[in-house]
Amino acid sequence: MSTNFDQKLHFNYAIVGGGVMAISTALALQRDSPNAKIVVFEGLETTTASKGICKIIRTPYIDKEYVSLAAEAKRKWETELPYREFYRQTGWVQVVRGDDYVPFHLEERLINAGDLLHMVHSRDPPQLDIEENLWLNKDIGVVDSALALEAVAVEAATLGVIRQKMDISKLLVENGVCRGAECVDGKCFTAETTIVATGPWTPALLDSSGIQLPHSLQHAFRVTAIGVATSPLTEDEYAQFKSMPILVTPQGEVMPSVKQRTLQITSTDIIEIAHPDELKSKAYTERIKTNRELLDKMMPEMRGRTLDYSVYPELMTPYQHPLVDGVPGIEGLHLAVGGSYHSFKFLPVFGGIVVDYLRGRRPGVSKRWGWDRSKEKISVYSEVLPKGSI
Ligand SMILES: Cc1cc2nc3c(=O)[nH]c(=O)nc-3n(C[C@H](O)[C@H](O)[C@H](O)COP(=O)(O)OP(=O)(O)OC[C@H]3O[C@@H](n4cnc5c(N)ncnc54)[C@H](O)[C@@H]3O)c2cc1C
């Protein structure tokens with residue numbers, strides 16, 4: 001290999017990525033191995049799934065093992081620092097068509113449009129059609145995601161993790177062993193174990209490193225994106241809406257960020273892309289229509305508001321299980337990727353699962369997070385699947 005290695009740039013663990021998967025892993029690894037030298041290359045992107053303004057923390061899943069993992073994570077959001085500083089229990093009100101909805105939670109109940117007006121402190125009722133019902137589930141919360149992520153990264157750094165705000169240009173693989181990586185400034189570092197947690201940038205990073213997955217795994221990744229509209233709240237609106245529940249429809253959700261005094265409208269209208277950079281070169285602004293229609297329907301008094309719009313990329317993996325596994329044929333290289341639109345909530349627990357995996361254990365649902373998904377039948381968050389299923 002023609003690269004020069006500097007011993008000062010040698011680590012026990014190198015983590016590539018600056019989102020939930022990377023930061024949660026960094027903290028859990030440093031807690032598990034206090035003397036280990038750990039570096040995290042966080043990258044420079046700011047429009048990333050993990051750095052969005054706010055996220056929903058929920059336990060309803062069709063899959064019991066996910067209910068259990070989400071409940072464990074939610075307990076930590078509610079009770080542990082730094083998580084609890086960024087979490088608020090808001091409840092959600094779901095618009096459900098027809099009469100055959102089966103409540104997830106025992107205390108979930110039907111409410112009417114008048115109840116919703118009262119809860120949102122809104123002037124105008126939502127524009128529901130005759131077959132749409134409103135179900136209230138109080139056991140759901142919102143987290144200020146970008147702020148929570150940064151707090152966890154600061155905690156990891158306090159314990160010894162070295163944070164580098166830099167992109168990796170390629171992984172360095174020699175004779176079937178990953179030795180480390182090269183940064184965009186040309187510097188190289190070595191690591192005994194490298195964990196790639198680069199979300200939707202992962203296929204491109206493997207490609208630029210000359211790493212080819214076996215044929216049977218080549219379609220495991222789908223790079224996708226979703227548009228999020230936001231609107232800053234005035235002082236009066238903030239006072240009015242700060243304790244409103246999340247409003248959930250099949251087209252997306254409306255929720256306020258208290259710390260950032262902003263209303264966020266997320267659609268479920270997924271775009272398939274080849275690489276996240278596409279989002280910079282192509283205009284997707286016409287898609288804001290979906291977010292606007294959603295806001296008009298659920299909060300008619302906000303009609304005509306100026307909305308900012310950003311499109312966030314996300315990596316989808318088969319059946320929407322994250323992937324925590326080695327790269328076949330390459331020693332010392334592991335992937336922790338595939339948030340599939342539902343993994344921010346796992347920030348407090350995800351890293352522990354990666355540590356378990358590195359130590360040869362796969363408890364609970366994580367036994368299904370390897371490459372082999374031959375026993376899986378349905379996606380765990382099918383509401384956001386692009387047309388067709390994976
Ligand atoms: C619009 C939207 C709404 C969502 N809502 C929810 C929700 O309400 N609740 C929930 O639980 N989940 C939600 N999710 C899912 C959740 O946010 C994601 O699953 C999770 O944040 C993915 O984290 P990640 O670490 O895998 O990837 P990312 O957050 O994409 O992070 C990847 C990181 O890798 C870095 N990187 C990339 N390339 C390189 C490189 N070459 N070198 C160094 N670093 C690099 C990037 O800079 C980035 O920091 C949502 C996702 C989206 C997109």
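Modeller: Start with His121: its relative accessible area is 41%, so His121 is partly exposed. Keep in mind that this is a predicted model.

Colleague: What is the phi of His121 like?

Modeller: Positive, near 60 degrees, and His121 is not a glycine. The residue sits in the loop between α3 (113-120) and β7 (132-137).

Colleague: Which other residue has a positive phi although it is not a glycine?

Modeller: Ser340, with phi at about 50 degrees. Ser340 belongs to the loop between β20 (333-337) and α9 (347-358).

Colleague: Is Ser340 buried or exposed?

Modeller: Buried. Its relative accessible area is 0%, and buried means under 20%.

Colleague: Where is there a cis peptide bond?

Modeller: Between Leu81 and Pro82, with omega about 0 degrees. Pro82 is in the loop between α2 (64-79) and β4 (87-89).

Colleague: Switching to charges. How many salt bridges do you count?

Modeller: The count is 29, taking a side-chain nitrogen of Lys or Arg within 4 Å of a carboxyl oxygen of Asp or Glu.

Colleague: What does Arg163 pair with?

Modeller: Glu42, at 2.5 Å from N to O. Arg163 is in strand β9 (residues 162-164) and Glu42 in the loop between β2 (38-41) and β3, so the bridge ties together parts 121 residues apart in sequence.

Colleague: And how accessible is Arg163? What about Glu42?

Modeller: Arg163 is partly exposed at 23% relative accessibility. Glu42 is buried, with a relative accessible area of 7%.

Colleague: Which residue does Glu65 bridge to?

Modeller: Arg368, with the closest N and O atoms 2.7 Å apart. That pair links distant parts of the chain: Glu65 is in helix α2 and Arg368 in the segment after α9, 303 residues apart. Glu65 is partly exposed at 27% relative accessible area, while Arg368 is buried at 17%.

Colleague: Which residues do shared partners join into one network?

Modeller: Asp63, Glu65, Lys367, Arg368 and Glu376, through salt bridges.

Colleague: On to the ligand. Which residues come nearest?

Modeller: Of the 33 residues around the ligand, those are Ser50, Ile56, Ile168, Glu314 and Lys345.

Colleague: How much of the ligand's accessible area does the protein cover?

Modeller: 96% of the 1,000 Å² that the ligand has on its own.

Colleague: Which elements give two or more residues to the shell?

Modeller: α1 (20-32), β3 (54-57), β13 (222-232) and β18 (308-316).

Colleague: How does the shell divide by residue type?

Modeller: 16 nonpolar, 11 polar and six charged.

Colleague: Last one. Which domains does the shell draw on?

Modeller: Domain 1 (7-50 + 147-218 + 318-384) and domain 2 (92-138 + 222-316), with at least three residues from each.

Definitions and conventions. Residues numbered from 1 in each chain as written. Predicted model: local features only at pLDDT ≥ 70, side-chain atom pairs only at ≥ 80, totals over all residues. Heavy atoms only, no water. Near = heavy atom within 4 Å. Areas by Shrake-Rupley, 256 points an atom, 1.4 Å probe, with all protein chains shown as cover. Helix = DSSP H or I, 4+ residues; strand = E, 2+ residues; numbered from the N terminus. Nonpolar A, V, L, I, M, F, W, Y, C, P; charged D, E, K, R; others polar. Domains from an automatic or database assignment. Buried < 20%, exposed > 50% of the residue type's maximum accessible area, 1.4 Å probe, protein only.
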